[in-house]
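Colleague: I'm new to this one. Could you walk me through how to read it, feature by feature?

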Amino acid sequence: MTFWRQVYEIARKDLLVESRTAEVALMTAPFGAAALIMIPLAIGTDAPLLTDLGPGLYWIVVLLFGILVILRKSAVDGGPQRDLVRLLGIDPAARFTGATIATSLLVLLFEVALGPVLVALYNPDLRGWPWLFLILPLVAIGMGLLGTIASGVTTSLGTRTSLTPLLVVPLALPLLLGATQAFEGLQLGGSIVPWLVLLFAVDLALAVSGILASGPLEEAVT
Amino acid sequence: MIDLVAAQVDNAWWYVTVAYIVILGGMAAFVAWLGFRTRRARRELEQLS
Amino acid sequence: MTMIRRFWLEAAAVLIVAGSLFRSFTVEADVVQGDVQRIMYVHVPSAWLAFLAFVVTMIGSVAWLRTRNRRWDRLAASSAEIGVVFTGLAILAGMIWARPVWGQFWTWEPRLVTTALLFFVYLGYLALRRAVVDPVQRAQRAAIMGIVAAVQIPIVYYSVNWWRSLHQASSRNSIDTPLRITLLLGVLAFTFVYAVLLRRRLELAHLEEELEARRFEASPDVAGAGITAPSLAKANKHD
């Protein structure tokens, strides 16, 4: 099996398992939507206020609730599954890449699912919306990379569900800033290229760290 | 800038003192805590050997 | 003679800290901020120490992954613990400074925000270490997280800096030479303090490792008396 075939099979496996539980589609996304509905009840339902704050709140929900996508059941390989993957001689880097692709796609799904909720409830200014086709995937990939690294490091730990968010959120700040500032830049008509470059730089740094760490990570987990 | 000029407060030294106490006190507390843990570890080792 | 050899670092640290303190209180007040600016002489060195400790943790992490020698993991862990304390102190001092100067406890200044995030990164690192029972796995996982975090922190800083420069003018005032010397003296003093604390903490780490090994040996028989547990203490001796 070539490297990319391995990547494809790992990603496919994760997505297949997810399709059976539909955790992201049927549980996490509604939870995120519920959050977006509840926020105006706390901060005020003033239309201009919501238009102003909407995009920022959307990205915060994506960041914080997106952790649940990282923590999903289908991302966890039991001991026997891990052993089998290892025995099959799957390249750790391929395993990492495959898992990242699966998580990134699911975060993207989460982002897309919340989009209509944002538009309906907050009536944001969607000037330059085609750029979202670039911004959303870049953020999703960043979350996927961070999530896979953090999940790898917290595998089979009892406190995994509390520890993973703590590890991911501080380091995901550049993703949040990049996304919100790019969005704001679009509304103000300014250049958003620096922010896209930031998002890309974050993703690149994480990808390199993750691939390099994938070998040691395999060793670290029994 | 005006904000900063206006900060020529009378109780400036109060803030400075609190800050120094916090920093130096924090350092001292950490040293003490380290010492306590070291003594405890040595004691336990003696008991086990 | 042995007393001097044992405590020379502590003695040097105390001397330099005393000197730095004296200087911090006697140097002329800042023209713009007044005496409140003296808080910077402890806030900046604390923040410096926080970042220095983090760099050492990263070095320890890389060295562990390359050599698998436990002493590097001890270094990384010890430095992280010292780092988290000083990050917390730096944030507190920063808040005490911000209150009289800006009228509020927090300014969204890039360095302060990055320091706050560094605090959470440290907490995550230490929480991860706490959660892993096996010492080798602990070292391995912590090393990976340490390096990933170290790569991301500069990016975090630059992104906050960029964001800030768009929304607020940077309030970086130039500093006079006598004040700059006081600041550098403070940084030097805190570096000595770090060295002292690191040495003590490494000592503790060594003791804890030995303790862990002895406890493992002393634990109940595996499968009755037919099998004896391997000696971790003997295995550790080669470090």
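This is a predicted model: local features need pLDDT of at least 70, side-chain atom pairs count only at pLDDT 80 or more; totals for chains, interfaces and linings use all residues.

Colleague: Which chains share the most contacts?

Modeller: A contact means heavy atoms within 4.5 Å. Two pairs of chains are in contact, and chains B and C share the most contacts. Chain A and chain B have no contact, and their closest C-alpha atoms lie 24 Å apart.

Colleague: And what pattern does chain C follow along the sequence?

Modeller: Helices are DSSP runs (H or I, at least four residues), strands are runs of E (at least two), and both are numbered from the N terminus. Chain C has seven helices and zero strands, so to speak an α-α-α-α-α-α-α pattern. Buried means under 20% relative accessible area, exposed over 50%, and partly exposed in between (1.4 Å probe, protein chains only). Of the 239 residues in chain C, 49% are buried. Take contacts in chain C between residues at least 6 apart in sequence: 77% of them join residues at least 24 apart.

Colleague: How do I read an interface, say the one where chain C and chain B bury area between them?

Modeller: The size of an interface is often given as the accessible area lost when the parts come together. Here, buried area is the accessible area (1.4 Å probe) that two parts lose on being put together, summed over both. Chain C and chain B bury about 3400 Å², with 78% of it on carbon and sulfur atoms. The contact involves 41 residues from chain C and 30 from chain B. On the chain C side, Val32(C), Ile96(C) and Leu207(C) lose the most area to chain B, together 15% of what that side buries.

Colleague: How many salt bridges are there between chain C and chain B?

Modeller: A salt bridge is a side-chain nitrogen of Lys or Arg within 4 Å of a carboxyl oxygen of Asp or Glu. There are four between chain C and chain B. In one case, Glu203(C) meets Arg42(B) at 3.1 Å, N to O. Helices 1, 2, 3 and 6 of chain C each give two or more residues to the side that touches chain B, and helix 6 has the largest share with 14 residues.

Colleague: What does the interface between chain C and chain A look like in area and salt bridges?

Modeller: About 2600 Å² is buried between chain C and chain A, and carbon and sulfur atoms give 77% of that. There 29 residues of chain C are in contact with 33 residues of chain A. The count is one salt bridge, with Glu219(A) and Arg68(C) meeting at 2.5 Å, N to O. Helix 4 (110-131) and helix 5 (135-167) of chain C are the elements giving two or more residues to this side, and helix 5 gives the most, with 17 residues.

Colleague: Which residues have the most contacts inside the largest nonpolar core?

Modeller: A nonpolar core is a set of buried Ala, Val, Leu, Ile, Met, Phe, Trp, Tyr and Cys residues joined through side-chain atoms within 4.5 Å. The largest has 126 residues, and Trp59(A), Ile135(A), Ile39(C) and Phe86(C) have the most contacts inside it. Leaving out residues up to four places away in sequence, Phe86(C) touches several residues, among them Met27(B), Leu49(C) and Phe190(C).

Colleague: Why does the pair of Arg70(C) and Glu209(C) tie together parts of chain C?

Modeller: Arg70(C) and Glu209(C) form a salt bridge, with their closest N and O atoms 3.7 Å apart. Arg70(C) lies in helix 3 and Glu209(C) in helix 6, so the pair ties together parts that are 139 residues apart in sequence. Glu209(C) also meets Arg74(C) in a salt bridge at 2.6 Å, N to O. Both Arg74(C) and Glu209(C) are buried.

How values were computed:
Residues are numbered from 1 along each chain as its sequence is written. Chains are lettered from A and ligands numbered from 1 in the order in which they are written. Side-chain values use heavy atoms; hydrogens and water are left out.
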